[in-house]
Amino acid sequence: MLFPSQRWHNLWICTGCAPHNDGVPTRSPPRPRPCIRCGAEVEQALLGGDMSGDAIALTLMHGSSKHKIEISAVQEGCEPTLQDMATVIAQVTGVPQQLQKLIFKGKSLKDMEQPLSVIGVKNGCKIMMIGKKNSPEEEAELKKLKELEKSTDQLSHKLEEINAELTGIQNGFLARDLQSAALSKLEKKVKTTSEQCMKFLEQIDAMSLPDDFSDCRHRRKGLVKNVQNYLAQCDIIETNISQELEKLQSKNLTLAD
């Protein structure tokens, strides 16, 4: 059995090392921890509250609605963060994270990477959220953007495959007499991928989004950034292919002489 340390609320202490009058009811944590004095593994949680990995039960106030929510860390062994809480709130209320204004004890919460324990949020606390769901019109535009995102993900896979083939040629995994044809084929693939990127950018640019479609605008901005990144990768790969072709031609001329 574990007794809590009243001096160290975030540390562990076992029965043998704890004072006889120090015990309180406890609950099981996700994994054993060492006692701070003797090093023995203990399997009960301490006084002081929630351990990393445990869900935190909160009450969310949103307008006239009240929701009971539980926040757990996405990463195992870590404490729940404000980002984890915002994600759950978006799922429960339908209000996107970008449109949420989270308030705790009169203060606005903004640092998404901050653990809830640092903010002072613990079991039983109340969180207020101000924000509205997207309109049906904005949801329709979001759906289009999500479909474009899925399509652009294929560009990433194509570039990975092209890069892998190019690396294989550079490392000599292909016979020299076959390299020129293989490089020319890769060059065509890169140019095709680059053209697809330009078409996606044109499609995205053609979308007319009102100023108040903030969620759509945020998503479109991220999508444009991704496609521009793929275009930059195309340029780099195309340059590398050209250099390999020049090296190959130079070697062939040397051998001919």
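Predicted model: local features only at pLDDT ≥ 70, side-chain atom pairs only at ≥ 80, totals over all residues.
Which helices each supply at least two residues of the lining of the second largest pocket?

Two helices answer the opening question: helix H3, spanning residues 136–170, and helix H5, spanning residues 214–256, each supply at least two residues of the lining. The volume of this pocket is about 190 Å³.

Its lining consists of Gly94, Pro96, Gln97, Gln98, Asn134, Glu139, Leu142, Lys146, Asp215, His218 and Arg219. By class, the lining residues comprise two nonpolar, five polar and four charged.

## Thr59 in strand S3

Strand S3 covers residues 56–62, and Thr59 belongs to it. Is Thr59 buried or exposed? Its relative accessible area is 6%; because buried means under 20%, Thr59 counts as buried.

Leaving aside residues up to four places away in sequence, Thr59 touches Lys66, His67 and Lys68, and also Cys125, Lys126 and Ile127.

## Arg176 in helix H4

Arg176 is part of helix H4, which runs over residues 176–206. The relative accessibility of Arg176 is 45%, so this residue counts as partly exposed. That class lies between buried, under 20%, and exposed, over 50%.

How many residues apart in sequence are Arg176 and Asn252? The separation is 76 residues along the chain, while in space the two residues are 9.6 Å apart, taken from C-alpha to C-alpha.

Notes:
Residues numbered from 1 in each chain as written. Heavy atoms only, no water. Helix = DSSP H or I, 4+ residues; strand = E, 2+ residues; numbered from the N terminus. Buried < 20%, exposed > 50% of the residue type's maximum accessible area, 1.4 Å probe, protein only. Contact = heavy atoms within 4.5 Å. 1 Å grid on protein atoms, 1.4 Å probe; cavity = no way out; pocket = protein on both sides within 12 Å on 5 of 7 lines; lining within 4 Å. Points joined across faces, edges and corners; volume = space filled by probe spheres on them. Nonpolar A, V, L, I, M, F, W, Y, C, P; charged D, E, K, R; others polar.
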